[in-house]
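Work through these exercises with the model open beside you. Try each task before you read its solution.

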Amino acid sequence: MRAIILAAGYGRRLSQSGDKPPPKCLLQFGGHTLLERHLRLLRHAGVDEVVIAVGYAPEQIEAELDRLNWQPRPKLVLNERYELGSVLTVHCIAPDLTAGGDVLLMDADVLYDGRMFEALCTGEHANRLLMDRGFQPGEEPVKICLSKGLPVELRKRLAPDLVYDTWGESVGFFRFTEGTAGLFADIVAAYIDDGRADQPHEEAVRDLLLQYPKDFDTADVTGAPWLEIDFPADLVRARDEVLPQLQPLP
């Protein structure tokens with residue numbers, strides 16, 4: 001299994017002074033960067049092949065890998081136009097997305113417990129997404145909506161007439177089989193060809209889910225501690241609320 005970590009952005013919403021902060025994957029909690037946490041938890045889950053999609057300040061991420069002396073060293077793939085949209089970042093790593101075997105696609109800006117991977121990586125050759133039903137509704141969370149167990153929506157804003165019986169927040173981690181990863185890469189390529197490179201990659205994931213809903217299962221991780229870090233207030237919550245609940249790093 002291969003993991004692809006999307007770490008190209010610079011987290012402009014975290015900046016309060018106007019200066020660009022470090023890449024979000026280099027934020028530290030409990031003395032460890034998010035990147036180190038990703039790598040250690042992935043290894044514990046049996047995943048050693050890691051690709052990191054970078055854009056903003058890639059030399060800082062290189063320096064962190066040097067500091068960690070992580071082996072085997074993750075492959076870095078550069079999206080020079082990272083400010084355009086994350087769907088373009090996914091397009092840049094398409095060869096790694098389609099290189100064979102199951103693939104984990106992960107946001108880099110998430111602090112989470114290793115038990116997430118138990119839900120994501122269990123079993124062989126699965127298409128899977130993670131859902132937290134204990135979220136606070138609002139405009140910011142990317143919502144997963146299910147009807148009779150099948151995904152019917154993956155968006156921040158829901159249509160008023162959408163019919164669903166279960167909903168929750170997407171953790172931002174997805175697992176694709178080899179065949180589904182190829183289909184996803186094709187959808188992403190169509191976005192680029194159609195001039196939609198400025199879109200978030202979740203829109204392409206949404207298209208994939210709605211085209212092949214029966215091919216996916218949804219793992220409910222409600223109650224597991226995690227937080228996507230977008231705003232200054234998230235830094236405080238991550239440190240004071242989420243970090244104390246996490247299992248020790250392996």
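**Exercise 1. Find the cluster of rings.**
Which residues do ring pairs link into a cluster?

Solution. Start with the rule: rings of Phe, Tyr and Trp (its six-membered ring) pair if their centres lie within 6.5 Å. Planes under 30 degrees apart count as stacked, over 60 as edge-to-face and the rest as tilted. Now follow the pairs: they join Phe174, Phe176, Phe184 and Phe216 into a cluster. The count under this rule is nine aromatic pairs.

Before going on, note the ground rules. This is a predicted model, in which local features need pLDDT of at least 70, side-chain atom pairs count only at pLDDT 80 or more, and totals for chains, interfaces and linings use all residues. Residues are numbered from 1 along each chain as its sequence is written, and side-chain values use heavy atoms, with hydrogens and water left out.

**Exercise 2. Classify two ring pairs.**
Take tyrosine 56 with tyrosine 82, then phenylalanine 117 with phenylalanine 173. Decide how each pair is arranged and where its partners lie.

Solution. 
Step 1. The tyrosine 56 and tyrosine 82 rings have centres 6.2 Å apart and planes at 45°, so this pair is tilted.
Step 2. Helices (H or I, at least four residues) and strands (E, at least two) are DSSP runs, numbered from the N terminus. Tyrosine 56 is in the loop between strand 4 (49–54) and helix 2 (58–68), and tyrosine 82 is in the loop between strand 5 (75–78) and helix 3 (86–92), so the pair ties together parts 26 residues apart in sequence.
Step 3. Check burial. Buried means under 20% relative accessible area, exposed over 50%, partly exposed in between (1.4 Å probe, protein chains only). Tyrosine 56 has 11%, so it is buried. Tyrosine 82 has 18%, so it is buried too.
Step 4. Turn to phenylalanine 117 and phenylalanine 173: this pair is stacked, with 6.3 Å centre to centre and 10° between the planes. Phenylalanine 117 belongs to helix 5 (residues 115–121) and phenylalanine 173 to strand 11 (residues 166–176), so the pair ties together parts 56 residues apart in sequence. Both phenylalanine 117 and phenylalanine 173 are buried.

**Exercise 3. Judge a glutamate.**
Is glutamate 64 buried or exposed?

Solution. Locate glutamate 64 in helix 2. Its relative accessibility is 8%, so glutamate 64 counts as buried. Now list its contacts (heavy atoms within 4.5 Å). Leaving aside neighbours within four places in sequence, glutamate 64 touches Leu26, Thr33, Leu35 and Glu36.

**Exercise 4. Inspect the backbone.**
Which peptide bond is cis, with omega near -10°? Then look at asparagine 69 and histidine 125.

Solution. 
Step 1. The cis bond runs from glutamine 71 to proline 72. Proline 72 lies in the loop between helix 2 and strand 5.
Step 2. Asparagine 69 lies in the loop between helix 2 and strand 5. Asparagine 69 has a positive phi of about 50°, although it is not a glycine. At 54% relative accessibility, asparagine 69 is exposed.
Step 3. Histidine 125 sits in the loop between helix 5 and strand 8 (128–132). Histidine 125 also has a positive phi of about 50° without being a glycine. With a relative accessible area of 60%, histidine 125 is exposed.
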